[in-house]
Number of protein chains: 2
Amino acid sequence: MNTGKNRQFRLASRPVGDITASNFEYREEPIPQPSDGEVLVRTIYLSLDPTNRIWMSDRPQYMPPVEIGQVMRGVVIGVVEESKNPDFQKEDLVSGVLGWQDYALALGNTGLGISKLPSPLPCPLSAFVGPLGATGFTAYFGLLDIGQPKSGETIVVSAAAGAVGSVVGQIAKIKGCRVVGITGSNEKCRWLVEELGFDDAINYKTADLETALAKSCPNGIDVYFDNVGGAILDAVLTKINLDARIPLCGLISTYNATEPVPGPYNYSQILMQRARVQGFIILDYSSRFGEAIKDIGQWVNEGKIKYALEIVEGLENAPLAILKLFNGNKIGKLAVKVSEEPV
Amino acid sequence: MNTGKNRQFRLASRPVGDITASNFEYREEPIPQPSDGEVLVRTIYLSLDPTNRIWMSDRPQYMPPVEIGQVMRGVVIGVVEESKNPDFQKEDLVSGVLGWQDYALALGNTGLGISKLPSPLPCPLSAFVGPLGATGFTAYFGLLDIGQPKSGETIVVSAAAGAVGSVVGQIAKIKGCRVVGITGSNEKCRWLVEELGFDDAINYKTADLETALAKSCPNGIDVYFDNVGGAILDAVLTKINLDARIPLCGLISTYNATEPVPGPYNYSQILMQRARVQGFIILDYSSRFGEAIKDIGQWVNEGKIKYALEIVEGLENAPLAILKLFNGNKIGKLAVKVSEEPV
């Protein structure tokens, strides 16, 4: 029985505009003890994702918001420390939507689910907060299931150097598409083209977007994987082809807004080009994660999908680290290393 | 050989905001003579439709805009007066995208196509500018193919007393759905509920839309057939269910705008509710019009689809009549009777 402490960050207040560290309250609790059917999980990696910002608000959303005073919700890769559930053994590696804390109870009456990672691991454990985690699955199902790219088509992805966008572009390359990424720095553009094999990349902070898209997409845009909404969506809509598909994955440009945000001014292009805009949430695909693990695991091992992880050390740094999701100072996937991987 | 005159309205200028009669120029030309392969069609009914406003502008659109100086484009029900094409005989009744004029040449080198109406006619000829015309087909394919309503679901349609909306609602009733129409007068609301069998109707000019939708749609909204965009779309988005479908048929609230129009402020609901917004243009379905004629013809004959036609007499009145599409003073389908039906 572990008698140490359980460090936690709880939601202290809902952000108005940008997240600030004061939206979180630091607490130390005893490490909880599992009851029958429950499992105690030690957090190894805590994933930080733009969707966390949605959960912190009380806007209409796809899960209940985190309540004030609750432990902040987060996707976790962890290890079972103690099990009173016959389906899980001590030392099993698991993932689940748990929280910003050292230890969490799952299963049984907790209302929180976990899944076992494949054993033996096909890749380093940290890949499971990256391309083999929720962001990779989001890229996989959003692009293939909703975007339905065909070889030779042109795919544009925004937030292209992010955890989702970077995998979207690489899967589209595997499927034979022309891939153009939109991102916010020349360094990220170089990374996309030179390291990940994108055909072109546009720095939206310095380019005239419509002009740049016309140049990078001489045959128009067949699939736009939208992570951001806003002005970038508007520019893309001017260049979409007939029957374009727009998987709507995120609207990060709007998450910190304090005033109502207008939808795209070029919304009528959806009508004129007979386009399809379809929202999706990766949790709806949970029964099919196995397909994604198989394909992405193979592509990672073959070197066809590369990924960058920015790992921040220490749970205590999570409230500041999450700001990197919104200020553009990040390449690839952001996570916090909360405790050591098992040896 | 007909030696009479051919009255025409040509596009004189592009509207800025609302259409005005001065956007059209009246001309009298000789009646044209068909060359080999061509057919001379006498216009009987000229259909007036919101999409005409799009054709008059040079915004991005789904067909080439009408050029200044060209005969104004319009959907016509007519009769063959003279044929130099072996597939058509004098007296054949036909439909096609012809123009605002007494006579038009079709087929051959004209670039204009026509289709024969079924013979014998299953309904009165005027039904072919209504539920058996382009607006009826738009309702049919937009609702069934894109909206995919299931029995027991709730369908909301805007511009519900219009040519498309009134047929959408009645087909949805045939399919076992709860149907709520949004329209702009109490008289139209009564017509929808008492004559057409809608479950409820909302006068958007007097109701608080979100409150009224919550009351009329206690189980939320599964399909929203959008003819208008704008504030009505925004209100509907707050009430859509998971996996909602939004066939995007028209954006009439924006057609006369002189400034950029923002998209829906509640665009993020498309993401949160995993909704699908899909634009469509009825011309894409032309190879399948036979399906629609068969079903709608049967429903009209069985009295399951009722329709209202507002027939304006005389081609000379077309430039003023078209304004009725945008000022709300119309129930059902608007058309101009240009010449007499064959006896």
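Student: What counts as buried here?
Tutor: Buried means under 20% relative accessible area, exposed over 50%, and partly exposed in between, using a 1.4 Å probe and protein chains only. By that rule B:Phe137 is buried, and so is B:Phe289. This is a predicted model: local features need pLDDT of at least 70, side-chain atom pairs count only at pLDDT 80 or more, and totals for chains, interfaces and linings use all residues. Residues are numbered from 1 along each chain as written, and side-chain values use heavy atoms, without hydrogens or water.

Student: Which rings are linked into a cluster?
Tutor: A:Phe9, A:Phe24, A:Tyr26 and A:Trp100, through ring pairs. Rings of Phe, Tyr and Trp (its six-membered ring) pair if their centres lie within 6.5 Å; planes under 30 degrees apart are stacked, over 60 edge-to-face, the rest tilted.

Student: How many aromatic pairs over all chains?
Tutor: The count is 16. B:Phe137 and B:Phe289 form a tilted one, 4.6 Å centre to centre with 40° between the planes.

Student: Switching topic. What sits over the ring of A:Phe88?
Tutor: The charged end of A:Lys116, 5.2 Å from the ring centre. The rule is NZ of Lys or CZ of Arg within 6 Å of the ring centre and within 35 degrees of the ring normal. In chain B, the charged end of B:Lys116 sits over the ring of B:Phe88, 5.2 Å from its centre.

Student: And α6(A), why is it largely enclosed?
Tutor: Because 6 of the 8 residues of this helix (residues 230-237) are buried. Among them are A:Ile232, A:Leu233 and A:Asp234. Helices here are DSSP runs (H or I, at least four residues), and strands are E runs of at least two, numbered from the N terminus.

Key
Chains lettered and ligands numbered in written order.
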